[in-house]
Amino acid sequence: MKPSGEDQAALAAGPWEECFQAAVQLALRAGQIIRKALTEEKRVSTKTSAADLVTETDHLVEDLIISELRERFPSHRFIAEEAAASGAKCVLTHSPTWIIDPIDGTCNFVHRFPTVAVSIGFAVRQEVRVWPRSPGPLPGLPLAILPFWLQPLCAWFAVCPVP
């Protein structure tokens, strides 16, 4: 039986296509939460210094991303900024691992400057996977989708709220 056009597209996209799609959808949901919270009062705490800030929205977004990914991919591991700052072990193994910064640019977020991103990286066998294509236009969404990578250390899929 010949695979359908949709099945052929998924095979061509590689074995991690489902992960890519999950990251896109979660980044969009998280971006909506951040966009709404930009104009609201924030409870701000510090982590390692006065310039290393964290808000309740950081925790909310990180918890959302991890819980949804854990439900969908129970064998995957996680390295997340706020969990690591709270003492969670931060170990990159050969297992599929999500690397999450829920609000990349928290200082900007605290000051209501909308240059922030939801950063979601994905590594397998200690190598970050870079998706070779954009998810395409998403009409009607007040978000800019920015696939980018910083070779060779990390790759991210970021969704930035647009004011």
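Buried means under 20% relative accessible area, exposed means over 50%, and partly exposed lies in between (1.4 Å probe, protein chains only). This is a predicted model, where local features need pLDDT of at least 70, side-chain atom pairs count only at pLDDT 80 or more, and totals for chains, interfaces and linings use all residues. Residues are numbered from 1 along each chain as its sequence is written, and side-chain values use heavy atoms, with hydrogens and water left out.

**Stop one: the annotated site**

Zoom in on Glu81. It is partly exposed, at 29% relative accessible area. Beyond residues up to four places away in sequence, Glu81 touches Lys47, Glu62, Ile100, Asp101 and Pro102 (contact: heavy atoms within 4.5 Å).

Now take Asp101. It counts as buried, at 13% relative accessibility.

**Stop two: the aromatic cluster**

Select Trp16, Phe73, Trp98 and Phe122. They form one aromatic cluster. Rings of Phe, Tyr and Trp (its six-membered ring) pair if their centres lie within 6.5 Å; planes under 30 degrees apart are stacked, over 60 edge-to-face, the rest tilted. The rings of Trp98 and Phe122 have centres 4.4 Å apart and planes at 45°, so this pair is tilted. Trp98 is buried at 0%, and Phe122 is buried at 0%.
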